[in-house]
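Please examine the sequence and the model below. The explanation begins at the ligand and then turns to the aromatic rings.

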Amino acid sequence: MIKVVVCNDYEEVSDKAAEIMLNLVKNKPNAVLGLATGSSPIGLYQRMIKDHQENGTSYKDITTFNLDEYVGLPLSHPESYYSFMHRNLFDHIDVEEKNIHIPSSQGSDLQANCDAYNAALSEYQLDIQVLGIGSDGHIGFNEPNTPFDSVTHITDLKESTIRDNARFFDNDISKVPTKAITMGISNVLSAKKIILIATSEHKAQAIYDTVRGEKNIACPASALQDHPDTVIIVDKAAAKLL
Ligand code: GLP
């Protein structure tokens, strides 16, 4: 069952997401967090950092798994998801580097990297998975037509995703990577709790297809309809078609 929470704006959306996340981290100091990149979770991460600084909530026993990473960018590239996560969260809390997992797109044997990530994931139970959503309904980088039983894999990014993400690459489509390594949909669904954050009218159709549409691989996020504990936190614009 998907629960939808409609908020007035991005600040309220981030407050709601942080309430759920901080409730988990404070009650389970060794929780396993599935994390996401993109602009949607930045407000959540800011609130986690503020709470860590002001209330001392510790992440030293927390384990994290990120959803995805671009193929073709060095880790040091400012738009690699490795850089994004360190800049926006990890550098500002006391999570241990050894407990951070981000799919690796480095080296020549990418299938081996996928296998290693699946093996690492199989040793843990994700307590929560944070998601954004692509305007085409993708979660992580599981683009339309990805099977719901997929695990970590290499994927080609859709044209619309490349266009959407060009804003992080000087609005130059030719600079956006065309491939990524991503957790599969079944990895995402294995999380005990899922929170999906979406704001702006640009996401309204994808949110409609996820919540009210038929469950179908054409909208990867519609797989969440099968999940027992998913909360979609949206602003009014993203909820416009519901
Ligand atoms: C990227 C990420 C997704 C994210 C999506 C939406 O494609 N791989 O995990 O959900 O962007 O990003 P934003 O939150 O910036 O709209």
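This is a predicted model: local features need pLDDT of at least 70, side-chain atom pairs count only at pLDDT 80 or more; totals for chains, interfaces and linings use all residues.

Residues are numbered from 1 along each chain as its sequence is written, and side-chain values use heavy atoms, with hydrogens and water left out.

Around the ligand stand 13 residues, of which S39, S40, D68, R167 and K203 come nearest; a residue counts as near if one of its heavy atoms lies within 4 Å. By class, this shell comprises three nonpolar, seven polar and three charged residues, with Gly counted as polar, and Asp, Glu, Lys and Arg as charged.

An oxygen atom of the ligand lies 2.5 Å from a side-chain N or O atom of S39, and the corresponding distance is 2.8 Å for R167 and 2.9 Å for H138. Taken alone, the ligand exposes 390 Å², of which the protein buries 95%, areas being computed by the Shrake-Rupley method with a 1.4 Å probe.

The structure also holds six aromatic pairs, meaning rings of Phe, Tyr or Trp (its six-membered ring) with centres within 6.5 Å; planes under 30 degrees apart are stacked, over 60 edge-to-face, and the rest tilted. The rings of F65 and Y117 have centres 5.8 Å apart and planes at 75°, so this pair is edge-to-face.

Notes. A polar contact is a pair of N or O atoms within 3.5 Å; within protein, one must be able to donate a hydrogen and the other to accept it, and residues adjacent in sequence count only if both atoms are side-chain atoms.
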